[in-house]
Amino acid sequence: MINNIDHLFKQISHGVYVIGVTNGEKANAFTAAWVMQVSFKPPLLAISINPEHYSYQLMQAGGVCSVNVLGQDQFNVAEHFGRSHQDKMAGFEWQKATTGAPILASSLAYFDCKISHYTDAGDHNIAICQVLAAATLNQGKPLLYHQTGDMDGGNQLY
Ligand SMILES: Cc1cc2nc3c(=O)[nH]c(=O)nc-3n(C[C@H](O)[C@H](O)[C@H](O)COP(=O)(O)O)c2cc1C
């Protein structure tokens with residue numbers, strides 16, 4: 001038993017990202033904080049994703065994703081993509097990456113990725129993603145996971 005575990009884990013620094021996924025005509029996006037660089041050559045990112053998410057089905061089937069960095073003023077964007085609902089993509093401007101993954105035009109920067117492989121991690125899967133392209137889209141400072149408080153409902157999930 002660890003007291004205050006959610007607060008303690010939020011002391012480990014993470015940014016907040018919108019992950020864009022697509023499979024053919026279908027596209028979706030979800031908020032993720034458990035994202036990190038894991039290799040220089042090739043450049044790889046690891047994304048920890050709950051396999052129960054609708055986005056996971058699209059990620060698995062499509063084999064690509066975008067990682068979009070949210071800025072300090074995008075708390076509401078993190079909240080929007082952190083919930084499941086219909087027409088989640090509507091009302092936002094999207095660009096299409098070379099892989100076909102949706103890029104959030106208002107984000108600070110994006111990474112266009114091909115999924116390399118998955119590995120199990122408890123109640124999540126780790127998607128290892130090869131970065132094929134990346135660019136800055138807007139200036140600003142990144143939003144941090146600890147600033148989102150209990151937006152992800154993590155307090156109830158341990
Ligand atoms: C701040 C925040 C961080 C989150 N981080 C992750 C994460 O790293 N991995 C994950 O699988 N879900 C994470 N989530 C939860 C998903 O965003 C959420 O379950 C979302 O509804 C999934 O989208 P979908 O159901 O449309 O696929 C996070 C949510 C929030 C609000």
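Mentor: A note on classes comes first: Ala, Val, Leu, Ile, Met, Phe, Trp, Tyr, Cys and Pro count as nonpolar, Asp, Glu, Lys and Arg as charged, and the others, Gly among them, as polar. By that scheme, the lining of the largest pocket holds 20 nonpolar, 14 polar and eight charged residues. Keep in mind that this is a predicted model.

The largest pocket has a volume of about 1200 Å³. Its lining is made of 42 residues, and those closest to the centre are Thr 31, Asn 50, His 53, His 124 and Asp 152. Several elements each give two or more residues to this lining: the helices α1 (5-9), α2 (54-62) and α3 (75-81), together with the strands β2 (26-32), β4 (44-49) and β9 (124-136). The largest share, five residues, comes from β2.

The shell divides into eight nonpolar, ten polar and three charged residues. Of the 21 residues around the ligand, Thr 31, Ser 48, Ser 55, Ser 84 and Lys 88 come nearest.

On β2 (26-32), Asn 28 places a polar side-chain atom 2.9 Å from an oxygen atom of the ligand. Thr 31 uses its backbone instead: an N or O atom there lies 2.7 Å from a ligand oxygen atom. On β4 (44-49), a polar backbone atom of Ser 48 is 2.8 Å from a nitrogen atom of the ligand. Taken alone the ligand exposes 640 Å², and the protein buries 91% of that.

Two backbone details belong to segments beside elements of the lining. Lys 41 and Pro 42 are joined by a cis peptide bond, with omega about 0°. Pro 42 has its place in the loop between β3 (35-39) and β4, and β4 is one of the elements that give residues to the pocket lining. Asn 4 is not a glycine, yet its phi is positive, about 60°. Asn 4 lies in the segment before α1, another element of the lining.

Methods. Residues are numbered from 1 along each chain as its sequence is written. This is a predicted model: local features need pLDDT of at least 70, side-chain atom pairs count only at pLDDT 80 or more; totals for chains, interfaces and linings use all residues. Side-chain values use heavy atoms; hydrogens and water are left out. On a 1 Å grid over the protein atoms alone, a cavity is a set of points where a 1.4 Å probe fits but cannot get out, and a pocket is an open set with protein on both sides within 12 Å along at least five of seven lines; lining residues have an atom within 4 Å of a point. Grid points are joined across faces, edges and corners, and a volume is the space filled by probe spheres set on the points. Helices (H or I, at least four residues) and strands (E, at least two) are DSSP runs, numbered from the N terminus. A residue is near a molecule or strand if one of its heavy atoms lies within 4 Å of it. A polar contact is a pair of N or O atoms within 3.5 Å; within protein, one must be able to donate a hydrogen and the other to accept it, and residues adjacent in sequence count only if both atoms are side-chain atoms. Accessible areas come from the Shrake-Rupley method with a 1.4 Å probe; for residues, only the protein chains shown count as cover.
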